[in-house]
Amino acid sequence: MTTPDAATAEDLIIREAGRADLLAVFRIEKAVFPQPWPFASFEQFLGNPGFLVATEDGAVVGYAIADVTTSGGRDLGHLKDIAVHPEAQGRGVGRALLRRVLVSMAVGGANVVKLEVRESNEIAQSLYDDVGFERVRRVPGYYDDGEDAYVMVLD
């Protein structure tokens, strides 16, 4: 991995995730989230065009997982998970991944995208605000540790 200030978003390669990426994705998940998804959760998304990884110099530095489902006659995109390795944060990796996964969902037919974000995760909320997401509701006790979540939507 490059040093934190040596890389920029232009150095990124964003591509669909493969089986060889799963261990790196899982390590990032565990480094970033207090309640990480189990390894098997990532395996189930292999082959989904909304499971993307960002690499720098061949190393996975971030990932995003999203899908599109039909709900109420509309195709709804759902950003399920997005994370950037702590050493790569603050350099535009998350923003680049988010934009790319939004394109993936649009190609998949989504005209509305939703996500859930921890109430305490102000950095992520700021990114989502910048891209145009709006908070539509708070879900009390959404996370296993009892923390509330905001549901945010991009229409």
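How many helices and strands are there in the protein chain? Colour the model by secondary structure and you can count 4 helices and 7 strands; these are DSSP runs, numbered from the N terminus, with at least four residues (H or I) for a helix and at least two (E) for a strand.

A word before we start. This is a predicted model, in which local features need pLDDT of at least 70 and side-chain atom pairs count only at pLDDT 80 or more, while totals for chains, interfaces and linings use all residues. Residues are numbered from 1 along each chain as its sequence is written, and side-chain values use heavy atoms, with hydrogens and water left out.

**Stop 1: the whole chain.** Along its principal axes, the C-alpha trace spans about 45 × 30 × 30 Å. Of the 155 residues, 43% count as buried (buried means under 20% relative accessible area, exposed over 50%, with a 1.4 Å probe and protein chains only).

**Stop 2: helix α3.** Now select residues 93-107, the 15 residues of α3. From first C-alpha to last, α3 reaches 21 Å, close to the 21 Å expected at 1.5 Å a residue (the expected span is 1.5 Å times one less than the number of residues). Show the side chains of Val93, Gly94, Leu97, Leu98, Val101, Leu102, Ser104 and Met105, which are buried. Look down the axis of α3: its buried residues fall within an arc of 160°, so they line one face of the helix (the arc is that of the directions from the helix axis to the C-beta atoms). An α-helix has 3.6 residues a turn, so residues three or four places apart point the same way. Turn to the face away from the buried side to find the exposed residues Val103 and Val107. Just after α3, click on Gly109, which takes a positive phi of about 105°.

**Stop 3: the largest nonpolar core.** Such a core is a set of buried Ala, Val, Leu, Ile, Met, Phe, Trp, Tyr and Cys residues joined through side-chain atoms within 4.5 Å. This one has 28 residues, and among those touching the most other members are Leu79, Tyr128 and Phe133. Which element gives the most to this core? The answer is α3, with 6 residues.

**Stop 4: around Val93.** Leaving aside neighbours within four places in sequence, Val93 is in contact (heavy atoms within 4.5 Å) with Leu12, Ala54, Glu56, Val61, Val84 and Ala88.
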